[in-house]
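Subject: Handover of a structure and notes on its packing

Dear colleague,

Please find the structure below, followed by a summary of what was found in it. The notes begin with the core and then turn to the helices and the surface.

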Amino acid sequence: MEKNILKVRAHDAIVGVLYLISVGLTFYTSNFAFLWIAIGVAALQIISPLTKFCPVYFILNTLMPTSDPIQNGK
């Protein structure tokens, strides 16, 4: 159970960092094209409950094989 909590926290941290990078690059460069990163991450988060697939969890499931798989498409 503890490993699942670590996996969820790692997922949240990775997604949060992607949002911060997107917004930070937008402010730093004044190029609004970097907001597409945040839009893409948001779209994946919105559709992941329907598809039961999340790219971040796919990577974390591979890196943490001793924990229970989360959103592995099943």
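Six residues make up the largest nonpolar core: Val-15, Val-41, Cys-54, Val-56, Tyr-57 and Leu-60. A nonpolar core here is a set of buried Ala, Val, Leu, Ile, Met, Phe, Trp, Tyr and Cys residues joined through side-chain atoms within 4.5 Å; buried means under 20% relative accessible area, exposed over 50%, and partly exposed in between (1.4 Å probe, protein chains only). With three residues, α3 supplies the largest share of this core.

This is a predicted model, in which local features need pLDDT of at least 70 and side-chain atom pairs count only at pLDDT 80 or more, whereas totals for chains, interfaces and linings use all residues. Residues are numbered from 1 along each chain as its sequence is written, and side-chain values use heavy atoms, with hydrogens and water left out.

The chain has three helices and zero strands, in the order α-α-α along the sequence. Helices (H or I, at least four residues) and strands (E, at least two) are DSSP runs numbered from the N terminus. Along the principal axes, the C-alpha atoms fill a box of roughly 45 × 25 × 15 Å. Of the 74 residues, 20% count as buried.

In α3, the buried residues are Val-56, Tyr-57, Leu-60 and Asn-61. They line one face of the helix, because they fall within an arc of 130° when seen down its axis (the arc is that of the directions from the helix axis to the C-beta atoms). An α-helix has 3.6 residues a turn, so residues three or four places apart point the same way. The cover over the buried residues of α3 includes α1 (2–29), while the face turned away from them carries the exposed residues Thr-62 and Leu-63. Apart from neighbours within four places in sequence, Tyr-57 is in contact (heavy atoms within 4.5 Å) with Lys-7, Val-8, His-11, Ile-70 and Gln-71.

Phe-53 lies in the loop between α2 (35–51) and α3 (55–63) and counts as partly exposed because its relative accessibility is 38%.

Yours sincerely
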